[in-house]
Amino acid sequence: MDAPARLAPGEIPAIAAEALDCGYEGRLVLRDITFSVAPGEIFFVIGGSGCGKSTLLRHLIGLQEPRRGRVSFHGEPFAAADTAGRRELLRTFGVLFQGGALWSSLTLRENVALPLEEYTPLSRRERGELAALKLAQVGLQGFEDYYPAEISGGMRKRAGLARALALDPAVVFFDEPSAGLDPVTSRSLDDLIRQVRDTFGTTIVVVSHELASIFALADRAIMLAREEQGIIAAGPPAALLESSDPRVRAFLTRTAPA
Amino acid sequence: MPDAPALPAAATVRTEVVAERGVVTVGGGWQISQSPPVWPGLPPGTVGVRLVAEALGRWDSSLPLFLAGVRRECRAAGLPCDDAELPPRLRDLLAQFEAAQARGAPADRADSFLTAVGLATREVAVQARAILDFVGECALSAVRLARSPRRFRWADCAAEMQQCGAMALPIVSLISFLVGVTLAYTGAIVLRQFGGDIWIADLVGLSMVREMGAVMTAVVLAGRTGAAYAATLGNMKANEEIDALATLGIPPVQFLVLPRLLALALMMPVLALYANALGILGGLVIAYAVLAIPPTAFWVELLTIIDLSDVASGVIKAVAFGLIVGLAGCLRGLQAERSADGVGRATTSAVVTALLLLVIADALFAVLFDVLGI
């Protein structure tokens, strides 16, 4: 099943996956995945455990080569790009990994400043100042010189978001942003995601099975299923509630399937 | 704010003076990956500065970064800087940027030499106490297990014995043989001058059996097994496996540490004896090849100088060294911080601690054996 895009006529999607086959050595996890995400959209990839959400994410962000098909960012195919082109594409998106994935030997400021060091001509002082701004934007002012081991899990996630936003990316990917967080912290992270989109027009792709976040944030979502190895429903969350597939309704209403 | 791949117009900065006030006008597209335009600085004779945006395209964090620099210069020159004409979102971000520059660091972070010395001194006392606590805890656990040996994890102990014993044979063989060769060569230079070639057997034999066999094996195992213990236990701590044991009421020392300690305490003397044999073999080969001493003569001389007390002293040391290597590895592993970096530091610290304690213990043994006349 292909996911209809919410694109204006003639608009180039921020992300487009075309006939994507995803998998690992000898094991196909998802087949023929096609969808596109409009610029400025908050797009959710949902589904039960083991359906391939994280696998799809790894293929979208280039950590895994697709078996077939292609992923494009703003019309630029990722796989076809040469090393310099790929580096330029990597600069346009940020990723918040499930546990924050902060580098433990660096302070929060150094973690956020590293992408700036790699991709910008800024001086050391300027990088430090920008990193402080990004950390303040995610509510971590005053923690710039702390190491990841010295802060809580929720704070690590926020710091990971600050690092993902360091280069003002056009697209930010979130892998299970609510995992392991209490409801209040989870809600504040949701607010932060919305704020990032509303303030900067950033395109957001979230892999999650957190119902509260899906209904609070998603403009559109696709649902994956292990049986079909593909997309079984696509559209705004309210429309998915009316889906003809009982598995989709069961997932979104947290009821056991009949 | 985010930039689509299409390149925007280049960033521009214009500075002019209107009624003695400097006007800094920014425009065009601002991208963080591009170098910002060169700004010559505040015009001389100005009494204030106005920040203005004109024909501003897409911009990102590089613009507030640049404007914050202009404002910093104004502050340094004691001039007022008016940003009221900037777009509200840019003004907000500029204010946020300046507010974000207040620094914060944990209270226990050393920010002066004296603080660093104080913290390091306190850390020495804390570490000494931790080692004593850990040794005490291991002893108590060993006593408890001796009362009910069924609870001891014999299978784990056997697996560890294979890891630290049989699997270490190749490296122990190589190093011991080469130590024997080195001792024989070094001794040969001196002994040949006095016509005492045959005493090469005494030199190599006594050195290996009383000292080098146990010490070299302990050094190899500190790097090989002690470091592995620290890395394994450190990772287990990071994965909350140690916490899981504690919540089940199983003391981590009993479950994880004692099998490893016993494995090392049993295998170290065996490996040390093996190292003695290989070292003597190395000396014998050099004695024959370089000094033309027949192996039988070497062997007979060896038996006249080495007695059982020499071998026993080496074995006793090896047991103690095994316990030291195991204790250092397990202690540092259990003390590791819950991060990849913490595990790395624990591994290094395990080896350093083991080597330090080995040298101290070896010196103490030398004094003790001298007093006892062994």
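This is a predicted model: local features need pLDDT of at least 70, side-chain atom pairs count only at pLDDT 80 or more; totals for chains, interfaces and linings use all residues.
**Entry 1: chain A as a whole**

I began by listing the elements of chain A, and found nine helices and ten strands. Next I looked up burial: of the 258 residues in chain A, 49% are buried. Then I turned to contacts in chain A with a separation of 6 or more, and 65% of them come from residues 24 or more positions apart.

**Entry 2: a sheet in chain A**

In what order do the four strands of the open sheet in chain A lie? I read the order as β2-β1-β4-β5, with antiparallel pairing. I then asked which strands stand at the edges. They are β2 (27–37) and β5 (76–77) of chain A; each has a single partner strand, so one side of each has no neighbour in the sheet.

I followed strand β1 (residues 15–24) of chain A through its pairings. Seven bridges link β1(A) to β2(A), and the two run antiparallel. Ala17(A) has Val71(A) in β4(A) as its bridge partner. A reminder to myself for looking at side chains: in a regular strand they alternate between the two faces of the sheet.

I also checked what lies across these strands. Helix α1 (residues 53–60) of chain A lies across β1, β2 and β4 (68–73) of chain A, and runs at about 120 degrees to β1(A).

**Entry 3: positive phi angles**

I went looking for backbone angles worth a note. Most residues other than glycine have a negative phi.

My first stop was the hairpin of β1(A) and β2(A), which has two residues between the strands. There Gly26(A) takes a positive phi near 75 degrees.

Next came Ala101(A), which is not a glycine and yet has a positive phi of about 50 degrees. Where does Ala101(A) lie? I found Ala101(A) in the loop between β6 (93–96) and α3 (108–119) of chain A. Ala101(A) counts as partly exposed because 17 C-beta neighbours lie inside 10 Å, and that label covers counts between the exposed limit of 12 or fewer and the buried limit of 20 or more.

In chain B I noted Ala292(B), also not a glycine, with a positive phi of about 60 degrees. Ala292(B) sits in the loop between α8 (252–290) and α9 (295–305) of chain B. Is Ala292(B) buried or exposed? With 8 other C-beta atoms within 10 Å, Ala292(B) is exposed.

**Entry 4: two helices in chain B**

Packed helices are described by the angle between their axes and the distance between the axes, so I looked up both. Helix α6 (residues 200–238) of chain B packs against helix α10 (residues 308–335) of chain B at an angle of about 15 degrees, and their axes are 7 Å apart. That angle makes α6(B) roughly parallel to α10(B), because angles under 35 degrees count that way. I noted the crossing of α6(B) and α10(B) as right-handed. The residues of this contact divide into 17 nonpolar, eleven polar and five charged.

**Entry 5: where the chains touch**

Last, I looked up the contact between the chains. How many residues of chain B are in contact with chain A? I found 27 residues of chain B in contact with 32 residues of chain A. On the chain B side, the elements giving two or more residues are α2 (88–99) and α11 (340–372) of chain B. I sorted the residues on that side into 13 nonpolar, eight polar and six charged.

Conventions
Residues are numbered from 1 along each chain as its sequence is written. Chains are lettered from A and ligands numbered from 1 in the order in which they are written. Two residues are in contact if their C-beta atoms, placed from the backbone, lie within 7 Å. Ala, Val, Leu, Ile, Met, Phe, Trp, Tyr, Cys and Pro count as nonpolar, Asp, Glu, Lys and Arg as charged, and the others, Gly among them, as polar. Axes are lines fitted to C-alpha atoms, for helices over the stretch in contact, and angles run from 0 to 180 degrees between N-to-C directions. Angles under 35 degrees count as roughly parallel, over 145 as roughly antiparallel, 65 to 115 as roughly perpendicular and the rest as oblique. A crossing is left-handed if the near helix is turned anticlockwise from the far one by less than a right angle, and right-handed if clockwise. Two strands pair if DSSP finds at least two bridges between them.
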